[in-house]
Amino acid sequence: MSDVLIINGPNLNLLGKREKEIYGSLSYEEMETLIQKEAKKMNLSVSIFQSNHEGEIIDRIQKAAGSVKAIIINPGAYTHYGISIRDALTSINLPAVEVHLSNIFAREHFRQNSVTAGVCRGMISGFGVESYILALQIGILPAH
Ligand code: DQA
């Protein structure tokens, strides 16, 4: 059982290639390595999952019940309209934190609303990969 499951939604696999001025030049693989390195320092075991498909993300959330202690999720664009991802998060009894690389409130109007953050403990938005590291530091784990 991992302590924390990190779920990354659509297009996050293109990190480092996609809109670098917004998301930075760190590649997805480099981001994973960095997160794992920081998690190790905190003595946390972390699994990282990425999918471009809403159903796969929902399946992964459902499977998380009973197999991890907490979820960190960056739903990508599903943040703004993914009601079924929100429902999946409310269907399992696990604490979740939403993270974003960019500050969604400083961007286009359609990005300024999250349908998923309201069912999470909170949201960290705008600090690049640090958003994930900060989420790990919060102490969302029951026995952190
Ligand atoms: C994002 C913000 C979303 O609006 C966008 O669709 C993404 C990435 C972020 O991490 O800043 O894919 O979730």
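This briefing covers the ligand site and the salt bridges of the structure above. The model is predicted. The ligand takes up the space of the largest pocket. Around the ligand stand 13 residues. The structure also holds five salt bridges.

**Ligand surroundings**

- Of the 13 residues that surround the ligand, the closest are Asn74, His80, His100, Leu101 and Ser102.

- Ser102 has a side-chain N or O atom 2.6 Å from an oxygen atom of the ligand.
- His80 places a polar side-chain atom 2.7 Å from a ligand oxygen atom.
- Arg18 also reaches a ligand oxygen atom, with a polar side-chain atom at 3.0 Å.
- The ligand on its own would expose 320 Å², and the protein buries 99% of that area.

**Salt bridges**

- Side chains of opposite charge can pair when their charged atoms come close.
- One of the five salt bridges joins Lys69 and Asp3, with their closest N and O atoms 3.1 Å apart.
- This pair connects distant parts of the chain, as Lys69 and Asp3 are 66 residues apart.
- Lys69 belongs to strand β3, which covers residues 68–74.
- Asp3 belongs to strand β1, which covers residues 2–8.

Methods: Residues are numbered from 1 along each chain as its sequence is written. This is a predicted model: local features need pLDDT of at least 70, side-chain atom pairs count only at pLDDT 80 or more; totals for chains, interfaces and linings use all residues. Side-chain values use heavy atoms; hydrogens and water are left out. A residue is near a molecule or strand if one of its heavy atoms lies within 4 Å of it. A polar contact is a pair of N or O atoms within 3.5 Å; within protein, one must be able to donate a hydrogen and the other to accept it, and residues adjacent in sequence count only if both atoms are side-chain atoms. Accessible areas come from the Shrake-Rupley method with a 1.4 Å probe; for residues, only the protein chains shown count as cover. On a 1 Å grid over the protein atoms alone, a cavity is a set of points where a 1.4 Å probe fits but cannot get out, and a pocket is an open set with protein on both sides within 12 Å along at least five of seven lines; lining residues have an atom within 4 Å of a point. A molecule sits in a cavity or pocket if more than half of its atoms lie within 2 Å of its grid points. A salt bridge is a side-chain nitrogen of Lys or Arg within 4 Å of a carboxyl oxygen of Asp or Glu. Helices (H or I, at least four residues) and strands (E, at least two) are DSSP runs, numbered from the N terminus.
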